[in-house]
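Reader: Please take a close look at one part of this model for me. I would like the helices, described plainly.

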Amino acid sequence: MEDTPVFTNDAIVFGLLMLALGFVFYTSSKEAGFWKKFYGIVPALLMCYLIPAIFNSLGLIDDGTSQLYYVASRFLLPAALVLMTLSIDLKAIFNLGPKALIMFFAGTVGIIVGGPLAILIVSAISPETVGGVGPDAIWRGLSTIAGSWIGGGANQAAMLEIYEYNPDLYGGMVLVDIVVANLLMAGLLMGIGKTEKIDKWLKADNSAITELKNKVSNYAESVTRNPNLPDYMIMLALAFVTVGIAHWGADEISVYLSSNFEIFNDSKSALSSFSSSFFWMITIATAIGIGLSFTRFKTYEGAGASKLGSIFIYILVATIGMKMDLGMVFDNPGLIGIGLIWMSIHVIFLFGTAKLIKAPYFFLAVGSQANVGGAASAPVVAAAFHPSLATVGVLLAVFGYVVGTYGAILTTILMQIAAGS
């Protein structure tokens with residue numbers, strides 16, 4: 001049995017997460033001394049992620065006994081997306097060009113190729129690690145990771161159904177998924193602090209991104225005002241009424257599709273992702289936020305709409321961090337090794353493509369996270385560059401849901417061949 005964490009009351013756990021966030025923001029605001037140098041190396045956002053991970057690793061808290069991630073991802077994330085897209089310049093988003101999509105698909109190809117290559121590399125060192133027969137075959141289990149890293153949870157579940165991996169061993173694959181995906185996110189967040197140096201090495205042209213950020217910033221300055229209580233109440237109303245509509249619409253659409261079209265209800269179908277209520281919730285919330293950006297509600301950016309949305313995003317980051325147990329890295333070194341090699345190939349493909357087309361680090365980071373992290377974390381990474389860019393993360397993550405099962409099936413076929421099955 002797993003050890004029970006010290007704190008299981010979510011009120012206490014939330015207090016610890018807010019303590020971590022408060023500590024990071026307090027220390028990162030220092031203009032001189034040790035903390036100024038520290039945050040010059042380690043991004044504040046990464047610390048907001050790592051401190052809850054340390055709490056989890058020490059046994060103080062545990063995502064398994066908490067509902068905070070569910071609340072943050074289902075309520076605060078869509079609310080944040082609305083508040084962050086109020087001031088969006090849709091034309092400027094389209095002016096970012098095709099590089100965002102190219103980097104997303106480069107990440108997808110990296111995962112498709114990385115799976116079989118990882119099996120081949122590990123089989124030369126430790127053949128038993130990639131062995132197994134029938135339902136116990138490792139390549140079957142790795143298919144679920146491919147589904148998760150290209151699409152999301154629904155795609156992962158589809159791969160489990162399609163390839164019928166032994167359910168008793170499935171927990172080991174979930175472990176690899178969580179550990180390696182979270183290590184990738186930590187690495188991407190670390191890179192954000194070195195964006196200028198990375199872009200210089202890539203010889204990237206980030207003028208379109210800078211133009212978008214400047215447009216949003218200039219607009220915010222032009223409508224800036226000291227927010228009062230009605231401003232905050234109206235912004236929260238816009239956010240959480242939208243959350244309610246998004247949940248209602250997501251439930252209605254997912255139930256309708258599942259009830260009337262068997263193909264959406266079949267967990268083995270590549271279209272099963274579209275019966276996911278989370279997918280529709282994020283899509284509807286983003287669409288409403290974009291719609292509101294064409295109304296007078298756009299002026300609430302001047303009252304701090306994106307800052308309020310950023311608060312929700314940071315809380316989400318903390319709850320994502322508490323899912324990571326640093327000690328799990330050593331629980332199954334063989335499988336973790338496969339995952340790390342696999343993810344390294346994914347990263348190599350991304351950097352190689354970015355270097356080739358001179359794409360900025362922003363596209364690399366968001367393209368990677370839209371694959372591996374999905375709609376829950378791609379906006380987090382995008383917003384770390386600038387709140388106005390969160391929508392880019394969502395739009396790319398939607399592509400992940402679309403191609404997730406197809407890409408995972410191709411990956412699995414190649415892994416099966418690599419494993420000699």
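Author: The expected span of a helix is 1.5 Å times one less than its number of residues. This is a predicted model. Take helix H16, residues 333-357. H16 has 25 residues. From its first C-alpha to its last, H16 reaches 36 Å, close to the 36 Å expected at 1.5 Å a residue.

Next, burial along H16. The buried residues include Leu-335, Ile-336, Ile-338 and Gly-339. Trp-342, Met-343, Ile-345 and His-346 are buried too. Just after H16 comes Lys-358, with a positive phi of about 60°.

Now a helix pair. Helix H4 covers residues 68-85, and helix H12 covers residues 229-260. The two pack at an angle of about 120°, and their axes are 8 Å apart. That angle makes H4 oblique to H12. The crossing of H4 and H12 is right-handed. From H4, the contact takes in Arg-74, Phe-75, Leu-76, Pro-78, Ala-79, Val-82 and Leu-83. They meet Met-235, Leu-238, Ala-239, Phe-240, Thr-242, Val-243 and His-247 of H12. By type, the residues of this contact are 11 nonpolar, 2 polar and 1 charged.

Last, a single residue. Thr-195 lies in helix H10, residues 195-202. Thr-195 has a relative accessible area of 17%, so it counts as buried. The cut-off for buried is under 20%. Leaving aside neighbours within four places in sequence, Thr-195 is in contact with Tyr-361 and Phe-385.

Note on methods
Residues are numbered from 1 along each chain as its sequence is written. This is a predicted model: local features need pLDDT of at least 70, side-chain atom pairs count only at pLDDT 80 or more; totals for chains, interfaces and linings use all residues. Side-chain values use heavy atoms; hydrogens and water are left out. Axes are lines fitted to C-alpha atoms, for helices over the stretch in contact, and angles run from 0 to 180 degrees between N-to-C directions. Helices (H or I, at least four residues) and strands (E, at least two) are DSSP runs, numbered from the N terminus. Angles under 35 degrees count as roughly parallel, over 145 as roughly antiparallel, 65 to 115 as roughly perpendicular and the rest as oblique. A crossing is left-handed if the near helix is turned anticlockwise from the far one by less than a right angle, and right-handed if clockwise. Contact means heavy atoms within 4.5 Å. Ala, Val, Leu, Ile, Met, Phe, Trp, Tyr, Cys and Pro count as nonpolar, Asp, Glu, Lys and Arg as charged, and the others, Gly among them, as polar. Buried means under 20% relative accessible area, exposed over 50%, partly exposed in between (1.4 Å probe, protein chains only).
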